[in-house]
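Colleague: I have the coordinates open. Can we go through them step by step?

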Amino acid sequence: MENLSLLMDGFGSVLTPQNLLFAAIGVLLGTFVGVLPGIGPAMAVALLLPVTYGLDPIPAFIMFAGIYYGGMYGGSTTAILLNTPGESASVMTALEGNLMARAGRAAQALATAAIGSFIAGTIGTMLVVFFAPALASVAVAIGAPSYFALMVLAMVSVTSVLGGSPLRGFIALFLGLTIGLVGLDLNTGQPRLSFDQPLLADRIDVVVVAVGIFALGEALWVAAHLRRSPVRVIPVGRPWMDRADLRRSWGPWLRGTAYGFPFGAVPAGGAEIPTFLSYITEKRLAARKGRDEFGRGAIEGVAGPEAANNASAAGTFVPLLALGLPVTATSAVMLAALQGYGIEPGPSLMTDQPELVWALLASLLIGNALLLVLNLPLAPLWAKLLRIPRPQLYAGILFFAALGAYATNLQAFDLFLLVLLGLLGLAMRRFALPVLPLILGVILGPLMEVQLRQAMAISGGEVSGLWSEPLAVVIYVVVALAVLAPIVLRRVRPAPAAVAVDQDVREKEEEGVR
Amino acid sequence: MSTPLDTHPDTPGAAAEPAAPGRDLAQLGLAGALVLVGAYTFYDATTLRIGFGDPVGPRVFPYVIGTVTVLLGVLLALATLRGDVPEAEGGEDVDLRQPADWLTVLKLVGVLMVTVLTISFLGWAITGAILFAGSAWSLGSRTLVRDVIVGVVLSVTSWYAFHEGLGVILPAGILDGVL
């Protein structure tokens, strides 16, 4: 119950007219950028980072909470109305959501997505309120060897378990680790990989990396393959649901939440698996009830995955706040924002910055509620954004990417780095290298090195010091399992249900390409 | 990302690359770059002095990262020669069935480099407007006058927004005193 009173304190510091205004601006900006095609939540947060530069930490985080949930909400709008998921977590929403839209039920699909996101986000954030402090209080006690092991786990799980190709995941991870090396060595103060450039010795700003890889890389990649034909956008009315829709949605909302939260909270990362699980669960349950609308636009197929997606997003705040470990691209960018305020992420975050953490959690709840109140009536307006002509849209992305990278330090050199990183981002998309492991490598690499050096200093240089703690040993076993499991699973035949869904996805994708 | 989309090499996305079927030799370039980057990282580490009382020192991390990067480059080269083809990323505005239009990318990079070189003396208000209008033009927009107007509005508004709202002073450049 102590957590609840702390949360109330958080509300106390958030609920001022000025902060509510920031929350509302954040929600609107986040939705605006999230709805724009080609921009997912991670890119939305990265592009909007500079908007918070001049603010104090608390109003900045209130805005971030709004941008974060707003960006996710915007993503589902694109998925439903354009049949093109901006990020992998919206793939399942696009499946049934777009079929519903084509059947003239876009309003209901948007409504079940919005309300489901609200419910999942609220339950998820409340669970964070209860879990994160408990985990953090345990985590403060863990030593450098175990913390090092945890970071290895986060990297390996994000890189090898989630990626379609582990080799490409590891290439991206090590490119990120290399970028993370650039700059002064933390102990001896010698520049590494800096080519005698004083500006490089200062380390490359994570914001520049995130904006370059996400925003510029994406814009350049789209430029190389720009679709010349106009896109078809399905018209939408004001979102609403009737009683039957509600009755069919609440079960999937809750089940989706139950799937999503643990996947976000355990550093296994990603919303892909829970949204997928939610989708097949709802499909099976619907088939059992003999009311299988799946493949023709089933509302359950939107409600469940959308809830799972948001619950997982809320869940990622557990490792982020309790351990300082980001497991999704969006939370990695949020961690970069934290570091921008000189706040060291790690197990002691909750004890060092309690006011900030509880204000952030309170503002997540507020942002989530504002999202529902503001955005249900605004949906037709947002849908209009999908018609922005593409040259101007991507010119705008380049404009704001440059603005964001430049405003960090006001160095033209940062813009040059931005261009280089944008080209790297372009190459990564060309060669199908996943973006998340790279960002994770940039952020976690330097932290890992600190922990490694501490652990080794404690053990007096004995390598065995790395597994001197029981927790560290357990984590390394999990790492080994995480690496071996996919290899074993690949040899076993996939389950028939999964194959069936795969088939659906592929058919939908082909339609989407046409 | 482990979406079901990624697990099938035969989705339309993969087929769209004009590379010879079954092989993507451009990947060898990436593999070569990885070997180079890894080797340089390793070499750079050898130039560092080791500190006192720090059993790990500044060299170990770059040694490991450099070595593994070289290894990954070699593995990628092997995979490429054995017929591994990347599945290029799709997206809302992406049409992978067309051959890549590198000219547009080149134009955009040119516009960005102009931004890099001119921002200090032209200032954000002018450079930003050029960036917007130039990018829109590179991407195929033919409404130049409108794009310039939109660009000017965007850059001047953002200059004032950062100046007034956030206290971040973007350079005014030659417009110093005018803005």
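Predicted model: local features only at pLDDT ≥ 70, side-chain atom pairs only at ≥ 80, totals over all residues.

Colleague: What radius of gyration does chain A have, and why does it agree with a compact globule?
Modeller: Chain A has 514 residues, and a compact globule with that number would have a radius of gyration near 24 Å. The C-alpha trace spans about 65 × 50 × 50 Å along its principal axes. The value for chain A agrees with the globule estimate: 22 Å.

Colleague: How many helices and strands are there in chain A, and what percentage of its residues is buried?
Modeller: Chain A holds 21 helices and two strands. Of its contacts with a separation of 6 or more, 80% come from residues 24 or more positions apart. The buried share of the 514 residues is 64%.

Colleague: What pattern does chain B follow along the sequence?
Modeller: Chain B has five helices and zero strands. Of its 179 residues, 43% count as buried. Among its contacts between residues at least 6 apart, 62% join residues at least 24 apart. Read along the sequence, the pattern is α-α-α-α-α.

Colleague: Are α2(B) and α3(B) roughly parallel or antiparallel?
Modeller: Helix α2 (residues 26-46) and helix α3 (residues 60-81) of chain B have axes that come within 7 Å and cross at roughly 165°. Angles over 145 degrees count as roughly antiparallel. So α2(B) is, relative to α3(B), roughly antiparallel.

Colleague: Is that crossing of α2(B) and α3(B) left-handed or right-handed, and how many charged residues are in the contact?
Modeller: The crossing of α2(B) and α3(B) is left-handed. The contact residues of α2(B) with α3(B) include 16 nonpolar and nine polar.

Colleague: Is B:L170 buried or exposed?
Modeller: B:L170 sits in the segment after α5 (144-166) of chain B. Its C-alpha atom is separated by 9.7 Å from that of B:S120, 50 residues apart along the chain. The relative accessible area of B:L170 is 1%, and the cut-off is under 20%, so the residue is buried.

Colleague: Which residues of chain A does B:L170 touch?
Modeller: Residues up to four places away in sequence are not counted. Within chain B, B:L170 touches B:W124, B:S158, B:W159 and B:F162. In chain A it touches A:L403, A:Y406, A:A407 and A:L410.

Colleague: What is the phi of A:L410?
Modeller: A:L410 is found in the loop between α17 (390-409) and α18 (412-430) of chain A. At 33% relative accessibility, this residue counts as partly exposed. Most residues other than glycine have a negative phi. The phi of A:L410 is positive, near 55°.

Colleague: Where is A:A432, and what is its phi?
Modeller: A:A432 lies in the loop between α18 and α19 (435-458) of chain A. It counts as partly exposed, at 22% relative accessibility. A:A432 is not a glycine, yet its phi is positive, about 60°.

Colleague: Is A:V156 buried or exposed?
Modeller: A:V156 has its place in helix α6 (residues 144-161) of chain A. Relative accessibility of A:V156 is 10%, so it counts as buried.

Notes
Residues numbered from 1 in each chain as written. Chains lettered and ligands numbered in written order. Heavy atoms only, no water. Axes fitted to C-alpha atoms, helices over the stretch in contact; angles between N-to-C directions. Helix = DSSP H or I, 4+ residues; strand = E, 2+ residues; numbered from the N terminus. Parallel < 35°, antiparallel > 145°, perpendicular 65-115°, else oblique. Left-handed = near helix turned anticlockwise from the far one by under 90°. Nonpolar A, V, L, I, M, F, W, Y, C, P; charged D, E, K, R; others polar. Buried < 20%, exposed > 50% of the residue type's maximum accessible area, 1.4 Å probe, protein only. Rg over C-alpha atoms; globule rule 2.2 N^0.38 Å. Contact = heavy atoms within 4.5 Å.
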